[in-house]
Amino acid sequence: MSSFTTSTSADSSQHSSKLLRFTDGCTLFRLRIVVCLLSRRTLLIRNIRVSSSDPGLRDYEVSFLRIIDAITNGTVIEINDTGTQVCIKPGIITLNQYTDLQEQLIALDCHPSRSLGW
């Protein structure tokens, strides 16, 4: 069962000022990030594999965050030292800075353990 709370700042008139806070770790990791970007709401995910012998984000999850950072403008991604907490302040989705004059996309690295469609 997901643990979910929403808190707002003093100015609740802006929809993007709401914080999506999850404390159940990496459950639905990619989906939560995509919803964060589309809704332009800050996302906080805590307790990522805290009870594991290897706590924190996996390499493929960090690779996914790098891709998100590459295709957006102004997104701030903060990961704590142990990798058990991620805070994402979404920017605007844009690919314009990653195209050359002939409109060919520059290749982005995807971690070999998971495909982009994972």
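A: Buried means under 20% relative accessible area, exposed over 50%, and partly exposed in between, with a 1.4 Å probe and protein chains only. This is a predicted model, in which local features need pLDDT of at least 70 and side-chain atom pairs count only at pLDDT 80 or more, while totals for chains, interfaces and linings use all residues. Residues are numbered from 1 along each chain as its sequence is written, and side-chain values use heavy atoms, with hydrogens and water left out.

Q: What is the order of the elements from the N terminus on?
A: Helices (H or I, at least four residues) and strands (E, at least two) are DSSP runs, numbered from the N terminus. Here the order is β-β-α-β-α-β-β-β-β, that is, two helices and seven strands. Of the 118 residues of the chain, 31% count as buried.

Q: Which residues of α2 are buried?
A: An α-helix has 3.6 residues a turn, so residues three or four places apart point the same way. In α2 the buried residues are Tyr60, Glu61, Ser63, Phe64, Leu65, Ile67, Ile68 and Ala70. Val62, also found in helix α2, is partly exposed because its relative accessible area is 22%. Contact means heavy atoms within 4.5 Å; the cover over the buried residues of α2 includes α1, β4 (72-73), β5 (76-79) and β6 (86-89).

Q: What span should helix α2 have, and how far apart are its end C-alpha atoms?
A: The expected span of a helix is 1.5 Å times one less than its number of residues. Helix α2 (residues 59-71) has 13 residues and should therefore span 18 Å; its end C-alpha atoms are 19 Å apart, which agrees.

Q: Which residues touch the most other members of the largest nonpolar core?
A: A nonpolar core is a set of buried Ala, Val, Leu, Ile, Met, Phe, Trp, Tyr and Cys residues joined through side-chain atoms within 4.5 Å. The largest one has 15 residues, of which Phe29, Ile33, Leu43, Leu57, Leu65, Val86 and Ile88 touch the most other members. Two or more residues of this core come from each of β2, α1, β3, α2 and β6, and α1 gives the largest share, four residues. Leaving aside residues up to four places away in sequence, Ile33 touches Leu43, Phe64, Leu65, Ile68 and Ile88.

Q: In which sense do β2 and β3 pair?
A: Two strands pair if DSSP finds at least two bridges between them. The pairing of β2 with β3 is parallel and has four bridges; Arg21 has Leu44 in β3 as its bridge partner. A crossover is right-handed if, with the strands pointing away from the viewer, the path from the first strand over the helix to the second runs clockwise. The β-α-β unit made by β2, α1 and β3 is right-handed.

Q: How many disulfides does a search of the whole structure find?
A: A disulfide is a pair of cysteine sulfur atoms within 2.5 Å. The search finds zero. For Cys87, the nearest cysteine sulfur is that of Cys36, 8.5 Å away. Cys87 counts as buried at 14% relative accessibility.
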